[in-house]
Amino acid sequence: MYLKKDRETGNLFSELFPFGGKLNEKNQWFKLSKIIPWDKMDRVYAKYFSEIGRPAKDSRRVTGLLIVKHRKSYSDRDLIDEFSENIYVQYFCGYEQFISGKEINYSTLCKLRKRLGKEYFKSFEKELIEILVKEKVLRPKELMLDATVCPSDITYPTDIKLLNVVREWLCDKINYIRRKAEIKEKVRTYRRVARKLYLSCQKKRRKSKKMILKAKKKLIRYVRRNLKQFETIFLKASGKLKLKIKEELENRLKVARKIYEQQKEMVEKKVNKIKDRIVSFHLPEVRPIVRGKDGKKVEFGPKVVLSYVDGFGFLDKISFDAYNESTELKNSLNTFKERFDKAPDCVTTDRIFGTRENRRLLHALDIEDNFIPLGRSSPDKSKQKRIKKAQKRRNRIEGMIGTGKCKYKLERVRYRI
């Protein structure tokens with residue numbers, strides 16, 4: 001159940017200002033609170049809760065906390081500490097009196113993120129864009145595009161390391177199921193022998209291909225043995241395990257079996273590449289993305305297409321599968337039209353977007369392009385100057401990506417949902 005809160009109040013934080021003082025109106029949270037459409041988001045937020053039952057957390061409190069979290073790159077625990085100490089953060093979240101205790105638990109934020117989902121934040125972005133355009137803070141004229149990879153928070157994957165993680169999980173869960181189901185039958189997993197093999201290879205600074213292949217083949221056999229043992233004991237104990245635990249174990253087992261099959265196939269066929277290769281047991285959706293950057297030839301995480309409009313960055317596409325970003329220009333133009341109810345006046349991108357198909361598309365839509373010309377240089381000097389100036393301006397989106405990775409932790413994405 002969700003109950004709307006009355007926002008009409010008198011003096012704010014009167015217990016902290018007994019002699020008529022007031023909050024500093026130049027504070028960032030004070031100014032930001034005047035821009036955000038709290039009432040509209042309140043109505044959207046209420047749709048996610050039933051009309052009966054226990055009252056839900058206030059929409060402004062939840063939305064405000066999530067904005068502070070990403071604005072300051074806090075973890076959930078650090079965010080709650082900041083909220084309990086900072087009077088301006090509490091004002092931003094809709095409080096009228098200072099709360100010294102912990103009003104909300106950090107685990108609640110994770111549950112609410114799952115419940116609200118991406119549609120809630122999409123509608124929040126839409127409402128905010130309308131206000132920015134109306135106030136003429138955002139003038140949607142030029143569209144800049146670029147793509148990058150946001151690496152996931154996983155260890156650098158190797159075949160031996162991945163097989164060992166699967167093997168350790170299988171051994172742990174075999175013992176876990178035995179305890180839960182009270183099965184006295186002993187299972188010989190050879191976990192100590194397998195760990196000794198893994199460490200003997202992993203601790204060597206220089207590993208030959210022959211040594212890696214030999215260790216890999218042995219670990220594949222250990223994983224095969226443990227998979228059979230897990231399936232046998234799981235069938236025996238299936239009636240004694242809770243439904244939620246069973247589903248979770250079954251999902252993990254599918255991933256473990258897929259990794260085993262992929263690694264076995266690569267050894268048998270003597271290849272290093274395979275379709276939809278899993279590189280992380282705990283995040284099986286992550287794929288290797290070849291970018292060819294200096295020092296980072298391969299990155300592991302979602303590939304994103306970003307658009308830059310008058311100082312504001314927007315996410316146009318996110319996918320864990322590798323794709324050619326040049327094919328996404330049409331989708332980005334449609335997304336721009338959905339956001340601002342109009343097409344851009346001009347488009348500026350790097351070389352990869354400048355395909356003949358994209359040039360024909362922009363010409364058909366009567367949108368000016370700032371692509372680097374194909375073939376010989378044009379005799380039109382004014383056009384050359386315009387394109388050169390636009391390509392210099394394109395550095396802004398590169399700076400936005402760098403800021404996102406350095407300041408807002410997109411260099412190491414830790415979200416699991």
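**View 1. Thr189 and the residues it touches.** Leaving aside residues up to four places away in sequence, Thr189 touches Cys171, Ile174, Asn226 and Gln229. Keep in mind as you look that this is a predicted model. Thr189 sits in the loop that runs between helix H7 (159-181) and helix H8 (191-202). With a relative accessible area of 8%, Thr189 is buried, because anything under 20% counts as buried.

View 2. Which residues of H8 are buried? They are Ala194, Leu197, Tyr198 and Cys201. Seen down the axis of H8, these buried residues fall within an arc of 95 degrees, so they line one face of the helix. On the face of H8 turned away from the buried side, you can find the exposed residues Arg192 and Lys196.

**View 3. Helix H8 against helix H9.** The buried residues of H8 are covered by elements that include H7 and helix H9 (209-237). How do H8 and H9 pack, and at what angle? The angle is about 160 degrees, and their axes lie 10 Å apart. That makes H8 roughly antiparallel to H9, since an angle over 145 degrees counts as such. Their crossing is left-handed. On the H8 side, the contact is made by Val193, Ala194, Leu197 and Cys201; H9 contributes Met211, Ala215, Lys218, Leu219 and Tyr222.

Note on methods
Residues numbered from 1 in each chain as written. Predicted model: local features only at pLDDT ≥ 70, side-chain atom pairs only at ≥ 80, totals over all residues. Heavy atoms only, no water. Helix = DSSP H or I, 4+ residues; strand = E, 2+ residues; numbered from the N terminus. Buried < 20%, exposed > 50% of the residue type's maximum accessible area, 1.4 Å probe, protein only. Contact = heavy atoms within 4.5 Å. Arc of directions from axis to C-beta. Axes fitted to C-alpha atoms, helices over the stretch in contact; angles between N-to-C directions. Parallel < 35°, antiparallel > 145°, perpendicular 65-115°, else oblique. Left-handed = near helix turned anticlockwise from the far one by under 90°.
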